[in-house]
Amino acid sequence: MKRLLFALPLVVAMIIGGFAIWGLSGGRDPSSLPSEFISKPVPQIDLAAIEGVERPGLSTADINDMDGIKLLNFFASWCGPCRAEHPNLTRLGQEEGVTLIGINYKDKPEAAAKWLEELGNPYVALGSDYSGRGGIELGISGVPETFIIDADGIIRHRFAGPVVGDGLRRFLEALDEVRQ
Amino acid sequence: MIRAAALALALLASPAWAVEPDEILDDPVLEERARAISANVRCVVCQNEPIDSSDAGVARDLRILIRERLVAGDSDQEIFDFLVVRYGDFVLFKPPFKPSTYALWFGPFIILFIGGAAVAVSLARRPRAPVKNDLQLSAEEEADLAKLMKEDTSL
């Protein structure tokens, strides 16, 4: 009994250490924040179209009217990682049967229009969020961020950072989960 | 000359407050409240910095938004609630007191209690050293002491 008591601190230390190792391994990032909107409907947003881009603006009602799974992507022309993930998102829109919708975050309309002209415009609807208030409504911390919204208009996943490399793999896993 | 000018400039420079002049409200009472609120709101980009001193874009947006809501007449609690709905409890530096945070609030006291109990138990179980009442040296001890005192200790 006494010997067991002596081992107790070691056991406690091992439990805490094991928890720390678990928290840092397997792609878990302790600094990534869970979204408050998981399993909730899209909050109220109503964003005008980007001037000079031939796509309608974006409101919550528009999103709820769309069929199937939607990817809501926050991007900006000044954001390097957005450029990197753009081909992947374009491909997802073409091959995975998901609807791409975009919010142009804190960006000048001219710059956004030029960026979309250069890289292609895979979005069916695009909201201009020059003030960044739309981003705050959805609790984003920066760009790029992509939300997976299911057929019922419920936010199922928030992906912070570019959908490239390992990020693309994790994003596809999340997408598969939403499909089931 | 250039050095002197540089030094003068360096002395003029004030500490870098993230709150920029154009954000500050005219009403000092509201501004005071805005500062107090934003000191307790975590920046979601830099995470260990309050938005009050963060230079991140989102932090600035939130500072402005807090001031707008204060001007519109929101209470402090309403503003915190607004932020928590969007960013979660994580944005509050002082975590709320609710069932999911009981472990956080009570944990240290529980550990202190367990530690205190362990110390109390181990002290209670320790065999007491026999207490000697004779504070006087015995004749034998006196002799030993005298012998030691006589020995030359000066090195």
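This is a predicted model: local features need pLDDT of at least 70, side-chain atom pairs count only at pLDDT 80 or more; totals for chains, interfaces and linings use all residues.

How do β5(A) and β6(A) pair? They run in the parallel sense, with five bridges between them. Zoom in on A:Tyr105 and you'll find A:Asp129 of β6(A) standing opposite. Then show α4(A) as well: β5(A), α4(A) and β6(A) together make a right-handed β-α-β unit.

While you're here, pick A:Lys106, in the loop between β5 and α4 of chain A. Is this residue buried or exposed? A:Lys106 is buried, because 20 other C-beta atoms lie within 10 Å, and 20 or more is what it takes. Its backbone is worth a look too: phi is positive, about 50 degrees, although A:Lys106 is not a glycine.

Next, jump to A:Ser39, in the loop between α1 (2–24) and β1 (40–41) of chain A. Here is another non-glycine with a positive phi, about 70 degrees. A:Ser39 is exposed, though, since its count is 9 other C-beta atoms within 10 Å.

A:Pro144 belongs to the loop between α5 (133–137) and β7 of chain A. Why flag these spots? Most residues other than glycine have a negative phi, and most peptide bonds are trans.

Time to go inside. Which members of the largest nonpolar core touch the most others? Color A:Leu58, A:Ile101 and A:Ile149: they are the ones, out of 37 residues. Several elements of chain A supply at least two residues each to this core, including β4 (70–75), α3 (80–95) and β8 (154–160). There's also a second, separate core of 17 residues, and B:Ala34, B:Val41, B:Leu70 and B:Val91 are among them.

Click on A:Ile149 and show what surrounds it. Skipping neighbours within four places in sequence, A:Ile149 is in contact with several residues, among them A:Val42, A:Ile63, A:Leu72 and A:Ile155.

Then move to helix α6 (residues 166–179) of chain A and find A:Phe171. This one is buried, because 23 other C-beta atoms lie within 10 Å. Again leaving out neighbours within four places in sequence, its contacts are A:Phe159 and A:Val163.

Now bring both chains into view. The contact takes eleven residues from chain A and 13 residues from chain B. On the chain A side, you'll find three nonpolar, five polar and three charged residues.

Last stop: helix α6 (residues 139–150) of chain B. From first C-alpha to last, its twelve residues reach 17 Å, close to the 16 Å expected at 1.5 Å a residue. How many of the residues of α6(B) are buried? Zero, so this helix lies largely in the open.

Key. Residues are numbered from 1 along each chain as its sequence is written. Chains are lettered from A and ligands numbered from 1 in the order in which they are written. A nonpolar core is a set of buried Ala, Val, Leu, Ile, Met, Phe, Trp, Tyr and Cys residues joined through C-beta atoms within 7 Å. A residue is buried if 20 or more other C-beta atoms lie within 10 Å of its own, exposed if 12 or fewer, and partly exposed in between; C-beta atoms are placed from the backbone. Helices (H or I, at least four residues) and strands (E, at least two) are DSSP runs, numbered from the N terminus. Two residues are in contact if their C-beta atoms, placed from the backbone, lie within 7 Å. Two strands pair if DSSP finds at least two bridges between them. A crossover is right-handed if, with the strands pointing away from the viewer, the path from the first strand over the helix to the second runs clockwise. Ala, Val, Leu, Ile, Met, Phe, Trp, Tyr, Cys and Pro count as nonpolar, Asp, Glu, Lys and Arg as charged, and the others, Gly among them, as polar. The expected span of a helix is 1.5 Å times one less than its number of residues.
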